[in-house]
Amino acid sequence: MGAVVALSNLLDARQVWRGHAAPLADGEQPTGCAALDAALPTRGWPNAALTEILLPADGVGELRLLLPTLARLTKGHRPVVLIAPPYAPCAMGWRQRGVDLQQLEIVDTEEKHVLWAAEQCLRSGSCAAVLTWPQQADDRSLRRLQVAADTGRALAFVIRDRKHLTNASPASLRLELDGAPNTLIRVRKCRGGNPPTQAIPLGHVQRFSGEGRQMAAAMHAVHQRVHGAADAGPRGNYLQRHWVDSKQSEA
Amino acid sequence: MLWACLLLPQLALDGVLRRRADDSPLVLVDGAANARSIVAANASARDAGLYIGQRLTAAQALLAQFEAIPYDPSSVARWQQFLAGVAYRYSSQVALLPHAIVLEVSKSRSLFGAWAEMERYLRHDFTALGFRHHVAAAPTPHGAYVLAGIGEGLAVFTQEALQRALDDVPLSRSRLPASAVDALPRMGVRRLGQLLRMPRDGLQRRFGAELLQAMDRLSGERPAGLDLYLPPDAVDWRFELSHEVENVAALMFPLKRMTTDLAAYLSGRDGGVQRFVLRLEHRDAEATDVPVGMLSPERSADVLFDAARGRLERVQLSSPVLALRLIADDLPGFVPAGRDLFDERPANALSFEQLRERLRARLGDRAVYRLGTTIDPRPEHSQRLDTHSQDFVEPRARPTWLLKRPIPWRGPMQILAGPERMETGWWDSDPMRRDYYVVETAQGQRAWVFCAAGEQGGWMLQGWFA
């Protein structure tokens with residue numbers, strides 16, 4: 001003992017060899033955020049795998065991160081499923097961001113069925129992506145989702161509170177969002193490579209028209225569109241249609 | 001016209017054999033209790049030297065271990081009905097003759113191809129169900145029936161060819177009235193050809209009109225006069241088990257057979273089944289009913305078996321089962337799911353409709369929905385369940401999350417954009433006069449809040465720009 005053996009000699013003698021991770025399919029599921037794509041070893045979402053997104057609070061940019069992907073996926077044949085979202089998706093807001101609502105299925109359920117429903121959707125192979133907001137999900141149940149996503153070749157997204165960061169997770173990719181409104185993405189774990197140390201800015205913060213200006217002049221702007229629409233068609237029909245609409249939505 | 005005939009020489013025996021997994025010696029016996037004789041024997045029993053017509057006592061002396069099952073004449077009719085249902089898949093004109101099924105196949109040619117093709121399908125189906133059969137085809141049903149009795153796979157397509165084929169048939173195989181078949185050979189008439197050329201008036205005087213009618217039906221000069229088979233609208237099958245079964249696992253083999261039969265019957269009828277009942281009959285106790293319900297009509301043998309097995313496995317048997325009964329009253333139409341030619345989904349994928357049914361079954365009928373936009377600007381009315389979205393896309397920024405109902409908001413905030421005055425809805429019970437603002441909270445979230453028109457206070461949170 002004590003003799004120093006150069007590693008290169010051992011490698012040349014084929015006594016020691018290096019393991020190689022299975023090559024990852026590159027760029028099949030771009031995230032829509034170029035900086036994030038570049039930082040991830042898969043050059044996009046890990047395909048047919050579980051991605052965990054950890055938030056300090058609701059509404060800090062999780063949908064800004066996901067909606068470009070959902071807009072792309074809803075153009076395809078397989079629907080995207082939301083399971084027990086914490087709020088109602090604003091249909092018009094999602095459409096403005098390019099999501100085809102005909103391919104967006106929402107499942108309302110109690111907490112105890114959330115993981116079951118997510119697993120069924122993932123395993124079925126008929127969904128492009130499944131987004132879920134479980135309150136209680138342990139390592140075991142997340143592993144089931146990971147396996148189901150692989151079986152059904154679907155993207156699985158679990159969106160949870162940041163406090164779960166300390167717990168181990170079987171997810172292929174763990175992202176933490178931080179510091180709204182100029183949200184930063186911190187990659188906490190990514191299969192197939194070391195997580196980048198730098199936080200990645202989540203681009204394109206929405207600019208609102210006239211942001212930062214005083215709006216006094218606009219204060220009395222009446223809702224133009226209603227008047228425009230009323231002028232465009234026979235007034236009676238228009239009113240009747242609205243009345244029927246509101247009755248139905250009440251029912 | 002082209003009629004196919006499937007002659008089923010041992011219906012009763014096949015009906016018993018197909019329900020067992022092994023092929024130990026087995027015979028069917030019939031006759032008075034003190035003079036029972038064998039009416040049918042399976043291959044291994046015949047190998048052991050048992051033969052049809054043998055006395056049961058003689059057979060018992062020859063072979064120590066074999067099973068003797070009483071012959072049930074009603075089972076023959078039952079199986080024949082079942083097989084007619086299977087054959088109904090190939091033709092709308094199916095009729096029953098003693099120990100045989102005849103079906104008109106010339107009109108099905110465009111669907112199933114020439115006779116050789118069709119014969120292959122028929123043989124495949126009947127072999128898969130476990131029934132021995134002889135097949136023949138001829139322009140008349142009775143002609144095909146006779147040909148099936150004299151050879152395997154005979155097929156004649158024209159009247160002349162049928163005439164030639166019938167010429168050599170011995171009278172004993174001609175299936176003509178028994179009185180004539182007994183008497184004619186003694187008069188030197190041994191072949192069917194000879195009989196067909198004899199003077200008709202003499203035959204009529206001697207044997208009556210019955211023989212001539214049978215001869216005319218054979219050659220097609222008289223309509224066959226068959227009662228066509230109509231598939232029943234309900235299924236009620238009973239499978240008697242060979243011994244008392246105390247374990248549900250032992251019911252799986254007969255269940256598999258039953259669901260396979262049901263699938264064969266349903267595809268013959270071009271229908272499906274959504275609900276059926278498995279009734280387990282006991283000796284003394286009340287029968288146990290196991291209802292099986294599916295979300296949409298199905299007819300695949302695997303799906304039916306899985307659905308039935310799942311339910312049956314949960315049953316606790318209180319007493320041994322003697323017989324299994326399958327009852328399906330309602331047989332709705334079946335529409336097979338369409339699949340894309342270039343389907344990109346995994347091979348074993350469930351269709352989304354099936355998935356939705358599964359979710360709804362467990363989570364409730366209203367658990368799965370889509371959202372559609374309306375042209376109403378009020379957030380409470382701007383979207384509705386399961387509607388097609390209007391073409392209109394709002395030019396002003398809208399959030400991505402909406403609260404189910406607005407809540408008061410008191411935290412510190414900074415106004416980013418607004419106001420957007422919404423003064424509308426005066427025509428219905430929910431008029432609105434609000435100023436909407438986009439604000440940033442202390443935590444950096446972007447929120448969509450509103451207050452009464454013209455004020456900047458009393459904020460209500462409506463949604464998030466997440």
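Me: In this predicted model, how do I read the packing of helix H13 (residues 252–269) of chain B and helix H14 (residues 301–313) of chain B?

Reply: Two packed helices are described by the angle between their axes and the distance between the axes. Here the axes of H13(B) and H14(B) come within 9 Å and cross at roughly 140 degrees. That angle makes H13(B) oblique to H14(B), and the crossing is right-handed.

Me: Which residues of H13(B) and H14(B) make the contact?

Reply: On H13(B) they include B:Leu255, B:Thr259, B:Ala263 and B:Leu266, and on H14(B) they include B:Leu304, B:Phe305, B:Ala308 and B:Leu312. By class, the contact has ten nonpolar, two polar and four charged residues.

Me: Thanks! Now for sheets: what is the strand order in the open sheet of six strands?

Reply: Strands of a sheet pair through backbone hydrogen bonds, either parallel or antiparallel. In this sheet the order is E3(A)-E16(B)-E20(B)-E19(B)-E18(B)-E17(B), and the pairing is antiparallel. Strand E3 (88–89) of chain A and strand E17 (413–424) of chain B stand at the edges with a single partner strand each, so one side of each has no neighbour in the sheet.

Me: How many bridges join strand E18 and strand E19 of chain B?

Reply: Seven bridges, in the antiparallel sense, join E18 (residues 432–441) to E19 (residues 446–452). To find your place, look for B:Asp435, which stands opposite B:Cys451 in E19(B).

Me: And which residue forms a salt bridge with A:Arg162?

Reply: A:Glu176 does, with the closest N and O atoms 3.5 Å apart. A:Arg162 lies in the loop between strands E6 and E7 of chain A and A:Glu176 in strand E7, so the pair ties together parts 14 residues apart in sequence. Over all chains, the structure holds 39 salt bridges.

How values were computed. Residues numbered from 1 in each chain as written. Chains lettered and ligands numbered in written order. Predicted model: local features only at pLDDT ≥ 70, side-chain atom pairs only at ≥ 80, totals over all residues. Heavy atoms only, no water. Axes fitted to C-alpha atoms, helices over the stretch in contact; angles between N-to-C directions. Helix = DSSP H or I, 4+ residues; strand = E, 2+ residues; numbered from the N terminus. Parallel < 35°, antiparallel > 145°, perpendicular 65-115°, else oblique. Left-handed = near helix turned anticlockwise from the far one by under 90°. Contact = heavy atoms within 4.5 Å. Nonpolar A, V, L, I, M, F, W, Y, C, P; charged D, E, K, R; others polar. Pairing = 2+ DSSP bridges. Salt bridge = Lys/Arg side-chain N within 4 Å of Asp/Glu carboxyl O.
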